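Here's a quick briefing on a single protein model. Have a look at the fold first, then read on.

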Amino acid sequence: MIHSHLEQQSEPRSATEISAALTKAHPDRGVKTTVVRTTLEGLVAKSQAQRTKQGSSVFYTATAASEAAAADSQREAVAS
């Protein structure tokens, strides 16, 4: 759900902005900013999202599918 939301955005978003948008889109679900932030960091670790810092703020964008696949292939090659 979070990755899908990121893919639809044209500009980087903060965890707070993503949480607010998901809460508005899915009012029946309890969306917590800490869970969104943890999930975003997991996506960054899997190369499915990128993190950028602007001052003390952190913003996230989705990576292209080909970039994520290339990064996964590279990690597998290094691990072998």
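Which residues make up the largest nonpolar core? It has 11 residues in all: Ile2, Leu6, Ala15, Ile18, Leu22, Val36, Leu40, Leu43, Val44, Ala49 and Tyr60. (A nonpolar core here is a set of buried Ala, Val, Leu, Ile, Met, Phe, Trp, Tyr and Cys residues joined through side-chain atoms within 4.5 Å; buried means under 20% relative accessible area, exposed over 50%, and partly exposed in between, with a 1.4 Å probe and protein chains only.)

Keep in mind that this is a predicted model, where local features need pLDDT of at least 70, side-chain atom pairs count only at pLDDT 80 or more, and totals for chains, interfaces and linings use all residues. Residues are numbered from 1 along each chain as its sequence is written, and side-chain values use heavy atoms, with hydrogens and water left out.

**Overall layout**
- The protein has 4 helices and 2 strands, taken as DSSP runs numbered from the N terminus (helices are H or I, at least four residues; strands are E, at least two).
- Reading from the N terminus, the order is α-α-α-β-β-α.
- Of the 80 residues, 24% are buried.
- The accessible surface is about 5400 Å², with 50% of that belonging to carbon and sulfur atoms (Shrake-Rupley method, 1.4 Å probe; for residues, only the protein chains shown count as cover).
- Among contacts with a separation of 6 or more, 42% are between residues 24 or more positions apart (contact means heavy atoms within 4.5 Å).

**The core and Tyr60**
- Back to that core of 11 residues: helix 1 (2-7), helix 2 (15-25) and helix 3 each supply at least two of its residues.
- Helix 3 gives the largest share, 4 residues.

**The salt bridge**
- The whole structure has 1 salt bridge (a side-chain nitrogen of Lys or Arg within 4 Å of a carboxyl oxygen of Asp or Glu).
- Glu41 and Arg51 are the partners, at 2.5 Å from N to O.
- Glu41 sits in helix 3 (residues 33-45) and Arg51 in strand 1 (residues 49-54), so the pair ties together parts that are 10 residues apart in sequence.
- Glu41 is partly exposed at 28% relative accessible area, and Arg51 is partly exposed at 42%.

**Thr63**
- You'll find Thr63 in the loop between strand 2 (57-62) and helix 4 (65-79).
- Thr63 counts as buried, at 10% relative accessibility.
- The Thr63 side chain reaches the backbone oxygen of Ser47 at 2.8 Å.

Methods:
Polar contact = N/O pair within 3.5 Å; in protein donor to acceptor, adjacent residues only side chain to side chain.
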